[in-house]
Amino acid sequence: MSGAQGRPGAPEKPGAVRRAGAPGRAGAAAGTSEMSVGTAFAGMRRVVEVMFKAACPDCRAGFELTPGALRLAIGASSRTTFYSFTCPACGSAVRKPAGERIVELLTGGGVRTLRLHSTL
């Protein structure tokens with residue numbers, strides 16, 4: 001068939017399953033195509049890549065980092081909650097404090113999180 005339901009110009013959807021139905025009825029019974037969830041989401045990617053702006057305190061370079069380049073450690077207090085990364089310019093290991101807003105932004109952006117537990 002050259003088009004959806006024989007209409008010229010309407011492309012066939014790969015993997016679509018057609019259901020037969022009475023003409024003029026609404027919904028799936030009207031011959032609309034159905035597809036699996038896997039087919040519907042096949043090839044979808046994140047629309048916008050999340051990038052975080054950061055700076056190195058050693059070499060003072062400014063840059064953008066992907067979520068995979070950052071690590072977030074959440075401790076029992078604000079003093080033990082921080083994020084870290086390796087400076088892409090000089091290779092220094094950087095560790096910075098993370099307040100509530102920073103924790104929210106980093107976790108929402110997909111940064112891997114480590115919860116620290118005390119060993120009392």
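Is Cys56 buried or exposed? This tour of a predicted model begins with that residue and then moves to the sheet, the helix and the core.

**Stop 1: Cys56.** Select Cys56, which sits in the loop that joins strand E3 (52-55) to strand E4 (62-65). Cys56 is buried, because its relative accessible area is 3%, and the limit for the term is under 20%. Next, display the residues around Cys56. Setting aside neighbours within four places in sequence, Cys56 is in contact with Ala61, Phe63, Cys87, Cys90, Ser92 and Val94. Then select Lys96, which is 40 residues away from Cys56 along the chain. The C-alpha atoms of Cys56 and Lys96 are 10.0 Å apart.

**Stop 2: Ser92.** From the contacts of Cys56, proceed to Ser92. Ser92 belongs to the loop between E6 and E7. Ser92 is also classed as buried, with a relative accessible area of 18%. When residues up to four places away in sequence are not counted, Ser92 touches Cys56, Asp58, Phe85, Thr86 and Cys87.

**Stop 3: the sheet.** Now colour the strands E7, E6, E5 and E8, which form an open sheet in that order, with mixed pairing. Which strands stand at the edges? They are strand E7 (93-97) and strand E8 (112-115). Each has a single partner strand, so one side of each is left without a neighbour in the sheet. From one strand to the next, the twist averages 25°.

In general, the strands of a sheet pair through backbone hydrogen bonds, in either a parallel or an antiparallel manner. For an example of the antiparallel sense, select strand E5 (residues 71-74) and strand E6 (residues 82-86), which pair over three bridges. Within this part of the sheet, Leu72 stands opposite Tyr83 in E6.

**Stop 4: the core.** Finally, show the side chains of Phe63, Leu70, Leu72, Tyr83, Phe85 and Leu106. Of the 17 residues in the largest nonpolar core, these touch the most other members. The elements E3, E4, E5, E6 and H2 each give two or more residues to this core.

End the tour on Tyr83. Apart from neighbours within four places in sequence, the contacts of Tyr83 include Leu70, Leu72, Ile102 and Leu106. Also among them are Val94, Arg95, Lys96 and Pro97.

Terms used:
Residues numbered from 1 in each chain as written. Predicted model: local features only at pLDDT ≥ 70, side-chain atom pairs only at ≥ 80, totals over all residues. Heavy atoms only, no water. Helix = DSSP H or I, 4+ residues; strand = E, 2+ residues; numbered from the N terminus. Buried < 20%, exposed > 50% of the residue type's maximum accessible area, 1.4 Å probe, protein only. Contact = heavy atoms within 4.5 Å. Pairing = 2+ DSSP bridges. Axes fitted to C-alpha atoms, helices over the stretch in contact; angles between N-to-C directions. Core = buried A, V, L, I, M, F, W, Y, C linked by side-chain atoms within 4.5 Å.
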